[in-house]
Amino acid sequence: MKAVIIGAGMGGLSAAIALKQIGLDVEVYEQVTENKPVGAAISVWSNGVKCLNHLGLEQETADLGGIVDTMSYVDGLTGDTMCRFSMQPLIDEVGQRPYPVARAELQLMLMNAYGIDDIHFGKKMVAVTDGEDAATVEFADGTTDSADLVIGADGAKSLTREYVLGHEVERRYAGYVNFNGLVEVDDAIGPASEWTTYVGEGKRVSAMPIAGNRFYFFFDVPMPEGQSYERGTAREVLTEHFAGWAPGVQRLIEKLDPSTTNRVEILDLDPFHTWVKGRVAVLGDAAHNTTPDIGQGGCSAMEDAVALQFAFTEHPNDVHAALGAYEKARTERAGDLVLRARKRCDVTHAKDPEATAAWYEELRSEDGTRIIRGIVSNIVGGPLTS
Ligand SMILES: Cc1cc2nc3c(=O)[nH]c(=O)nc-3n(C[C@H](O)[C@H](O)[C@H](O)COP(=O)(O)OP(=O)(O)OC[C@H]3O[C@@H](n4cnc5c(N)ncnc54)[C@H](O)[C@@H]3O)c2cc1C
């Protein structure tokens, strides 16, 4: 059985490894010409790490991951710690430490695990069609490939999704912009093994450790969609948005490298439950585009990949049965995470200022129990965390 996978992001590559593991012939096509992911890092929660472990990448993932022993929330304006608690209860409950990792390093790990030389770079899919015996993709350079199945892991603006649904969809602006990057660990920003989050005014500033003595940082700033921005001006822009904030935040703004700081408008997509049309299926952001507020988009893509493998293990000679089983296993779980993230997003970013003020109050009396319960409930429910 042969699978064509469109997109060499974390979803497509995880799926490629997962299908190759069970003996399918896999071809991966990627429109860009090199490994240059948008965004600095991601937190791979325990459900995502379990998927990577399942794909044979336990040691590699641990090597890239930062060690988060504690989490803290800090009043962004005063710098007072609102709460600080250990991550150990979470690790004990779900049986796996989460790992924040640099995106480029995660991508490279997955590319190498699949076989970087086997990825067809510079191949932009422009059409996909489904037939009785095969599905066919066409590329911008006029070439085509056919396979028993096509997996569209072509991201949030997926063309495959349009084919599967039969129409275009409009994504929803979530109301805030995220600035992110990497800096050297600095105690003035937060302790080296702590995930520190400053909150206030519906904004958020976060720093968490990744391997190599670095912090992955991000700033969330609510603002209207489509504001003009010149790349390289992050320091000036953030200085203005965070004027009067605590010394740790000012230190981070001073330390960041404006030339490598990314600015992303955050969008998501209402969950939908048709992921398969004949021999063509969507996976990852193509199937469930979420805000990053619970850090589950990429983890969910990895869960898709493992669920796809399980479906083909169960139905080795029947593409339609396997894709049907994949769809059944995934749409509800992935859609639930999108809606959970949306809810979290609204509270964090002061969509209703009273709800956000109540959350800040809650944080002041938090001992970690409620937050960990919330994170565990996101982690549980995937193919390896049921
Ligand atoms: C600011 C931010 C922070 C985030 N933080 C986290 C986090 O902490 N934890 C987490 O789990 N997730 C996080 N996410 C979500 C995560 O980044 C995505 O869910 C994940 O990247 C999805 O992977 P994917 O492979 O489905 O899509 P992508 O990573 O977008 O990959 C899609 C690939 O398909 C290629 N492609 C697209 N169209 C075509 C075409 N026509 N032909 C060929 N190739 C094509 C693209 O070039 C790309 O390489 C975050 C997202 C954002 C924006």
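Helices (H or I, at least four residues) and strands (E, at least two) are DSSP runs, numbered from the N terminus. By this definition, Ile266 is found in strand β16, residues 262–268. The model is predicted: local features need pLDDT of at least 70, side-chain atom pairs count only at pLDDT 80 or more, and totals for chains, interfaces and linings use all residues. Residues are numbered from 1 along each chain as its sequence is written.

A residue is buried if 20 or more other C-beta atoms lie within 10 Å of its own, exposed if 12 or fewer, and partly exposed in between, with C-beta atoms placed from the backbone. Ile266 is buried because 22 other C-beta atoms lie within 10 Å. Two residues are in contact if their C-beta atoms, placed from the backbone, lie within 7 Å. Leaving aside residues up to four places away in sequence, Ile266 touches Ala174, Tyr176, Val177, Asn178, Thr291 and Pro292. The C-alpha atoms of Ile266 and Val128 are separated by 28 Å, and these residues are 138 residues apart along the chain.

**Strand pairing**

Two strands pair if DSSP finds at least two bridges between them. An open sheet of 3 strands has the order β8-β9-β10, with antiparallel pairing. Strands β8 (125–130) and β10 (144–147) stand at the edges, each with a single partner strand, so one side of each is left without a neighbour in the sheet. On average, neighbouring strands of this sheet are turned by 15° against each other, direction ignored; the axes used for such angles are lines fitted to C-alpha atoms, for helices over the stretch in contact, and angles run from 0 to 180 degrees between N-to-C directions. Strand β9 covers residues 135–139 and pairs with β8 in the antiparallel sense over 5 bridges. The bridge partner of Thr129 is Thr136 in β9.

Elsewhere, β3 and β6 pair in the antiparallel sense over 4 bridges. Here Val44 has Tyr99 of β6 as its bridge partner. From strand β6 (residues 99–102), Tyr99 and Val101 point one way and Pro100 and Ala102 the other way, and all are buried.

**The ligand shell and the annotated domain**

A residue is near a molecule or strand if its C-beta atom, placed from the backbone, lies within 6 Å of it. Of the 34 residues around the ligand, Gly7, Gly9, Gly155, Gly284 and Gly297 come nearest. Two or more residues of the shell are given by each of α1 (10–21), β2 (25–30), β3 (41–44), β12 (172–184) and α9 (297–314). The largest share, 4 residues, comes from α9. The shell divides into 14 nonpolar, 16 polar and 4 charged residues. Ala, Val, Leu, Ile, Met, Phe, Trp, Tyr, Cys and Pro count as nonpolar, Asp, Glu, Lys and Arg as charged, and the others, Gly among them, as polar.

An unreviewed UniProt entry lists residues 2–338 as "domain: FAD-binding". The end C-alpha atoms of residues 2–338 lie 31 Å apart, and the span is 32% helix and 30% strand.

Technical notes. UniProt positions are given in the numbering used here, feature names are shortened, and annotations may be inferred rather than shown by experiment.
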